[in-house]
Amino acid sequence: MSIHVVVMGVAGCGKSTVAEAIHERLGYVYAEGDDFHPQANIDKMSAGIPLTDEDRWPWLKVINTWMVAREALDENTVVSSSALKRSYREVLAQNVPTFFVHLTGSQELIQQRLNERKGHFMPPALLPSQFAILEPLQPDENGVGVSIEGSVEEMVERAVAAVNEYAAKVAAQSQQAK
């Protein structure tokens with residue numbers, strides 16, 4: 001069984017940075033979740049208009065299809081996706097074992113990081129709308145919260161350690177099943 005990691009959280013929390021680090025350090029096949037957005041979603045966000053559930057469903061299904069295809073190839077994957085609501089995470093995890101790494105931090109810290117970010121279509125003004133709909137991981141969901149406090153390297157280390165711990169657990173369960 002492969003491992004499929006979704007690095008989740010609000011805009012500006014470091015999803016791409018962490019997902020790329022998991023790819024580089026652990027060799028997981030990487031996809032940038034934003035690359036799966038249809039142009040209409042990008043245009044809407046660029047104009048400062050928050051996405052609706054109806055905007056997000058097709059995007060989430062495409063990410064899920066990508067992970068399911070990689071599962072069929074027995075490849076481990078990591079993808080960035082806001083996955084702000086439990087219902088979104090449920091779509092992402094359909095027919096594929098998925099581990100969520102929720103990057104958590106204060107709205108003030110993330111707003112500061114967003115204000116410093118250049119060249120991204122998501123304007124900092126949309127951050128409050130993301131926090132408004134955010135449903136943090138629940139205890140019965142397969143995932144872990146990882147703080148973004150401190151340096152980027154510290155955040156990355158915590159996230160990679162969480163994925164390694166999960167992978168070891170999956171390997172142990174697989175061994176017991178044999």
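Biologist: Is Glu141 buried or exposed, and what is its relative accessible area?

Modeller: The model is a predicted one. Residues under 20% relative accessible area count as buried. Glu141 falls under that cut-off and is therefore buried, its relative accessible area being 13%.

Biologist: Which backbone nitrogen lies 2.8 Å from a polar atom of the Glu141 side chain?

Modeller: Glu141 sits in the loop that runs between helix H6 (127-133) and strand E5 (143-147). Not counting residues up to four places away in sequence, Glu141 touches Arg86, Arg89 and Pro136. A polar atom of its side chain also has, at 2.8 Å, the backbone nitrogen of Gln138.

Biologist: Which element gives the most residues to the largest nonpolar core?

Modeller: This core has 47 residues, and Val5, Ile22 and Leu103 touch the most other members. The elements giving two or more residues to the core include strand E1 (4-8), helix H1 (15-26), strand E4 (98-104) and helix H7 (152-177). With nine residues, the element that gives the most is H7.

Biologist: Leaving aside neighbours within four places in sequence, with which residues is Ile22 in contact?

Modeller: Ile22 is one of the core residues that touch the most other members. Once neighbours within four places in sequence are left aside, the contacts of Ile22 are Val5, Val7, Gly27, Tyr28, Val78, Val160 and Val163.

Biologist: What type of aromatic pair do Trp57 and Tyr88 form?

Modeller: A search of the whole structure finds three aromatic pairs. In one of them, the ring centres of Trp57 and Tyr88 are 5.4 Å apart. Trp57 in helix H3 and Tyr88 in helix H4 are 31 residues apart, so the pair links distant parts of the chain. Planes over 60 degrees apart count as edge-to-face, and because the planes of Trp57 and Tyr88 stand at 85°, the pair is edge-to-face.

Biologist: How does relative accessibility class Trp57, and how does it class Tyr88?

Modeller: Buried means under 20% and exposed over 50%, with partly exposed in between. Trp57, at 25%, therefore counts as partly exposed. Tyr88, at 0%, is buried.

Biologist: What type of aromatic pair do Phe99 and Tyr166 form?

Modeller: Phe99 belongs to strand E4 and Tyr166 to helix H7, 67 residues apart, and the pair links distant parts of the chain. Both Phe99 and Tyr166 are buried. Their ring centres are 4.1 Å apart. Planes under 30 degrees apart count as stacked, and because the planes of Phe99 and Tyr166 are at 10°, the pair is stacked.

Terms used:
Residues are numbered from 1 along each chain as its sequence is written. This is a predicted model: local features need pLDDT of at least 70, side-chain atom pairs count only at pLDDT 80 or more; totals for chains, interfaces and linings use all residues. Side-chain values use heavy atoms; hydrogens and water are left out. A nonpolar core is a set of buried Ala, Val, Leu, Ile, Met, Phe, Trp, Tyr and Cys residues joined through side-chain atoms within 4.5 Å. Buried means under 20% relative accessible area, exposed over 50%, partly exposed in between (1.4 Å probe, protein chains only). Helices (H or I, at least four residues) and strands (E, at least two) are DSSP runs, numbered from the N terminus. Contact means heavy atoms within 4.5 Å. Rings of Phe, Tyr and Trp (its six-membered ring) pair if their centres lie within 6.5 Å; planes under 30 degrees apart count as stacked, over 60 as edge-to-face and the rest as tilted. A polar contact is a pair of N or O atoms within 3.5 Å; within protein, one must be able to donate a hydrogen and the other to accept it, and residues adjacent in sequence count only if both atoms are side-chain atoms.
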